[in-house]
Amino acid sequence: MSCRVALTTSRSPSKITLELVNDLANSLPGVAKIVRGKKSFMALLEEAVACGARYIAFVWDRRGMPSALLFYDIGRRAWKPYMLRISGVRTRRDFPVFVARRPPARSAVIVDLTRGELGDIFAEVFQYPILYDLDAVKGRFDTVVLIKKGEGYVVEFLGPDLGPRASSLKIKKVIYRCID
C-alpha cells in the first residue's frame with residue numbers, strides 16, 4: 001500500500017471522529033487510515049513509514065468531538081508549526097439529503113475561495129493542485145476540497161458533480177506554535 005499521508009486519531013476517538021476519518025480516507029487520494037488503538041507514537045510512525053507516507057495527520061478528539069488537525073513531517077522528524085482548530089463537523093447524516101458513500105477517490109483538487117493560508121497548508125501536505133475558481137473543476141476530479149469563508153474557514157468535500165461527498169469541517173483558526 002502506497003500513500004502520501006497517513007491519517008489517524010487520538011486514542012479512544014468518538015464515533016463522529018471515526019466517521020470523519022473514514023470519510024477523509026475514502027475521499028482523499030493518497031491518504032491511508034491507520035487504526036490507532038493503543039499504539040504508541042513510534043508504532044504509528046513505523047506503520048506510516050511502511051506505507052510510504054510523508055506526513056501523519058492526526059485528528060485530535062476532545063470531549064467526544066474532533067477538536068484539532070495536526071501534521072507530523074516524517075522526513076524532518078518534526079511537527080508542522082501549525083494546528084488547525086476544528087470548531088464543528090457536519091457528517092453525511094447531518095445533510096438534508098442522503099449522501100451515499102462513494103467509491104474511493106483517485107483524483108482531487110483544492111479550490112480555495114478565500115485565497116488564504118488553509119489552502120496553502122492543504123496543498124503542501126496533500127500535494128493536490130490548488131485553484132481559485134469552482135466552475136473550472138466540475139466533472140474533472142473525483143474530489144473537490146472546497147475552502148470558503150465562514151466563522152473562520154469551512155472545508156467541504158465535494159464529488160465530481162459538486163454535490164457533497166463526505167463530512168464537512170469548520171476550521172475556527174490556524175494556530176501557529178513554536179516547535180523546538
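Which residues have the most contacts inside the largest nonpolar core?

1. **Main core.** They are Phe71, Leu84, Leu118, Phe122, Phe126 and Val155, in a core of 34 residues. A nonpolar core is a set of buried Ala, Val, Leu, Ile, Met, Phe, Trp, Tyr and Cys residues joined through side-chain atoms within 4.5 Å. Buried means under 20% relative accessible area, exposed over 50%, partly exposed in between (1.4 Å probe, protein chains only). Helix 3 (residues 117-126) gives the largest share of this core, six residues. Helices (H or I, at least four residues) and strands (E, at least two) are DSSP runs, numbered from the N terminus.

2. **Basis.** This is a predicted model: local features need pLDDT of at least 70, side-chain atom pairs count only at pLDDT 80 or more, and totals for chains, interfaces and linings use all residues. Residues are numbered from 1 along each chain as its sequence is written, and side-chain values use heavy atoms, with hydrogens and water left out.

3. **Val155.** Not counting residues up to four places away in sequence, Val155 touches Leu118, Phe122, Val145, Leu146, Ile147, Ser168, Leu169 and Ile171. Contact means heavy atoms within 4.5 Å.

4. **Aromatic pairs.** There are eleven. Rings of Phe, Tyr and Trp (its six-membered ring) pair if their centres lie within 6.5 Å; planes under 30 degrees apart count as stacked, over 60 as edge-to-face and the rest as tilted. Phe58 and Trp79 form a tilted pair, 5.3 Å centre to centre with 45° between the planes. This pair links distant parts of the chain, strand 3 (residues 55-62) and strand 5 (residues 78-90), with the two residues 21 apart. Phe58 is buried at 2% relative accessible area, whereas Trp79 is partly exposed at 28%. Tyr72 and Trp79 form an edge-to-face pair at 5.2 Å and 75°. Tyr72 is buried at 8%.

5. **Ring cluster.** Ring pairs also join Phe71, Tyr82, Phe122, Phe126, Tyr128 and Tyr176 into a cluster.

6. Ten strands form an open sheet with mixed pairing, in the order 2-1-3-4-5-10-9-8-6-7. Two strands pair if DSSP finds at least two bridges between them. Strand 2 (31-33) and strand 7 (130-131) are the edges, each pairing on one side only. Strand 8 (residues 143-150) and strand 9 (residues 152-158) pair antiparallel over seven bridges. Gly150 stands opposite Gly152 in strand 9.
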